[in-house]
Amino acid sequence: MCWLRRSLRRRKMKVKMLSRNPDHYVRETKLDLHRVPRNYDPTLHPFEVPREYIRALNATKLERVFAKPFLASLDGHRDGVNCLAKNPKSLATVLSGACDGEAMYTGIDHHWKEAVFATCGQQVDIWDEQRTNPICSMTWGFDSISSVKFNPIETFLLGSCASDRNIVLYDMRQATPLKKVILDMRTNTICWNPMEAFIFTAANEDYNLYTFDMRALDTPVMVHMDHVSAVLDVDYSPTGREFVSASFDKSIRIFPVDKSRSREVYHTKRMQHVICVRWTADSKYIMCGSDEMNIRLWKANASEKLGVLTSREKAATDYNQKLKEKFQYHPHIKRISRHRHLPKSIYSQIQEQRIMKEARRR
Amino acid sequence: METVPKPGSNVPPKKDRLQAKKKKPRRYWEQETTGTAAGASPGPPRKRKRNRELRPQKPKKNDTSKKFRISKKPRELKSPGHQRSLSGAQDPFAGPAPVSVEVVQKYCRIDKSKEVPHPKTKTRSRLVAAEAQEEETSVRAARSELLLAEKPGFLEGEDGEDTAKIRQADIVEAVDIASAAKHFDLNLRQFGPYRLNYSSTGRHLAFGGRRGHVAALDWVTKKLMCEINVMEAVRDVRFLHSEALLAVAQNRWLHIYDNQGIELHCVRRCDRVTRLEFLPFHFLLVTASETGFLTYLDVSVGKIVAALNARAGRLSVMTQNPYNAVIHLGHSNGTVSLWSPAMKEPLAKILCHRGGVRAVAVDPTGTHMATSGLDHQLKLFDLRGTFQPLSARTLPQGAGHLAFSQRGLLAAGMGDVVNIWAGQGKASLPSLEQPYLTHRLSGHVHGLQFCPYEDVLGVGHSGGITSMLVPGSAEPNFDGLESNPYRSRKQRQEWEVKALLEKVPAELICLDPRALAEVDVVSLEQAKKERAERLGYDPDATAPFQPKPKQKGRSSTASLVKRKRKVMDQEHRDKVRQSLEQQPQKQEKAKPTRARPSALDRFVR
């Protein structure tokens, strides 16, 4: 009877158990990659936000650990390096000029497209390479002009800085000055934004940099305040998003165009007053010439790994970058990413100037 | 835009030729205008026609050709149904793969009901951009579900039969041989009732008997890792972050063993521990003791992070909420309290039962909590939002142990019977009307846990260990980067390093784990005010004046007192002056509220 009872008890039910074939989950040979099946269901990934926050914190700390921007120091000059010029067609060529020898022209700049260059001294002269006399001379005001720059996009526009604290814009086609803006103190140099045709930044003696929109010169678009001494030179990155400024206070600072504070400061004990600075055309390196006769080469992104990266390295770098952006406003992360070591002279100057500003405000 | 006129195109082209040849050349991948069969090859390109069509291409750059482009018939939009491949076949499932709205909803993380009050324009634009990006990403993530290989198990009786009547033996007969091997019974009557624990990948099992028998094995291959007798009563057993380390709550202290049975640590600060829990993403081992203390031990650094006095007597009912790492303690007055190591007081207290609470369990998504009490009730509570009971059921015998599975099934151990209730879908509330499965064991239940990625329920009882088959209880598709049951030793080592690097600090445990990603709404002044209220004084207020000690007899007591008095008087005078200045302002404000003066005002008292 027991077999009958058993057959009555045997049920016709539909049952399926979860059963995995290990061959589908384990690699076949040692030379294969491991198999990693993915399931993006959020219930399988608890604590996403805190874990990403800790990853962002680690990424920020590692960025500070790997921030070693100094690359090389080039010597050979016998006097302070006064000017640097980059070749727009070749990445590797750079010209540098030292202070030995008399200078007839205080500033010189070449047109971006045509065989024409401009010089300035008492007035702004436009020269053709083949001729011995200037094509045209322009002047507005009675004082000497210290620097002149061509606009890279609207190539007929020039900007110049004069000793009577003004910045004058010229039009080469009509051979006339166009506009003028007068600041409180003298501007040392200007630089045009290579991506936005009408934006230029002026490096001023009053420790600030002013970004102007050419169409509305009455008020600057942004005032960049971080230097503690006169700003001597400014140059834009080819991306048009950042610029680097060299100052008499022995440091160079990198500013984003839309922010008033610098994101990076580079200094060395051996680097004295920085006279000129250039951003290379591949937007990776910054060159600065200082008055102790050396040209220094720096990285534009201090913790960037140079050279060819593997795809995994690139993916990890991109992920870390995105994490740092996402959590950049959290207080601990902000504190770590803002931290920079400053030489004592600059640090004490900053404190002094802050107190002076507070006093003036009251 | 002005263009430079090209030399040689001064002769205007003949209009008739252009009008006749305005058709662009037919490409072999485009639709056939002549009636050829769908599967037929397009054939060699007809050269003559192409030459004639090619010639008028040259003067197209002229302005006059613009007229013809406008007057041409509008090109037929390629409807998705008419896309043809090189062979001429049609794609039957043209277009992007469809996804259902519920699946897309599962991947949405932004809580649209929470509004940021008075957002600035920049914040508002950023939030709008983030929401748009999240929509796109959630659709893509939902579409990736097509690649999941496994399907969950199921059990259906014939003709609507009650699945609770189906016995384990029948399931074992009906199922494939690999799954049948997952059902086993270990008869261990000698060393007392057993408690058990599965590792986080579900591959390894550790159990400990009341009389000191502790063992760890790979239960799938039945390979024993270690088996020891600790010569002391064992109250609970837990794996730490991987199968390499084991925590055993012995009679006196807490001991940590290697998976080879070697004793590594004896933590004397955790004494008389009744229950253990491990928070995997924080690397915290939580112990509940008879002394009423809840201790959090960080196993990566070996420090006790917090020792909280629960002030509720003996603690013997504890479970963790896997969603937010909050510890739920059940008390003898019928309440369940929620604890976080950052706070000395419980985060919340929920009144659940009339008598004492005997068991608590929380489902892996953190939405439901099941509790059972001495009043023979089994209740389900909603944990996200209102802490209100959702459903309740009276049991003939109180359930001493509860466990949730990854897909939301609830198992209850009542005496020597195990009942399992299931819901409709994956994360739905289990319906307590009819049990899904039942099983009678050879001894009273002392421990219950569902195995993480297998359709198996492990039961520790006074007769040993039983592994029951529960089709449909486990998550079928694991994520290889989180927990991979098939990982090699190297993969485990790499995973361990990464998990340690992203270990969440204990201070971040709170009821809402997504709190860090929210927009900071509280303004600075409000935060300061709240702090002053909470502390009873304003910590930012200036410290009282301390006179500087001076030389040459100028800092005698009398002169110090005189200096202090001078500063106090000055401050007092400033305060009085300020209040005098404010008073006429207040009076000016009060004046306009009075009505116009009338002649009868002199009679008003």
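Me: Happy with that! Which residues touch the most other members of the largest nonpolar core?
Reply: This is a predicted model, in which local features need pLDDT of at least 70, side-chain atom pairs count only at pLDDT 80 or more, and totals for chains, interfaces and linings use all residues. Residues are numbered from 1 along each chain as its sequence is written, and side-chain values use heavy atoms, without hydrogens and water. The largest nonpolar core has 36 residues, and those touching the most other members are B:Val418, B:Ile420, B:Leu457 and B:Val470.

Me: Which strands of chain B each supply at least two residues of this core?
Reply: Strands are DSSP runs of E, at least two residues long, numbered from the N terminus. Those asked for are β3, β4, β5, β25, β27, β28 and β29.

Me: How many residues does the other core have?
Reply: Its members include B:Leu308, B:Met318, B:Val326 and B:Cys352. This core lies apart from the largest one, and its residues number 32.

Me: Is B:Thr466 buried or exposed, and which side chain does its own join in a polar contact?
Reply: B:Thr466 sits in strand β29 of chain B and is buried, because its relative accessible area is 1%. A polar contact is a pair of N or O atoms within 3.5 Å, one able to donate a hydrogen and the other to accept it. At 2.8 Å, the partner is B:His461.

Definitions and conventions. Chains are lettered from A and ligands numbered from 1 in the order in which they are written. A nonpolar core is a set of buried Ala, Val, Leu, Ile, Met, Phe, Trp, Tyr and Cys residues joined through side-chain atoms within 4.5 Å. Buried means under 20% relative accessible area, exposed over 50%, partly exposed in between (1.4 Å probe, protein chains only). Helices (H or I, at least four residues) and strands (E, at least two) are DSSP runs, numbered from the N terminus.
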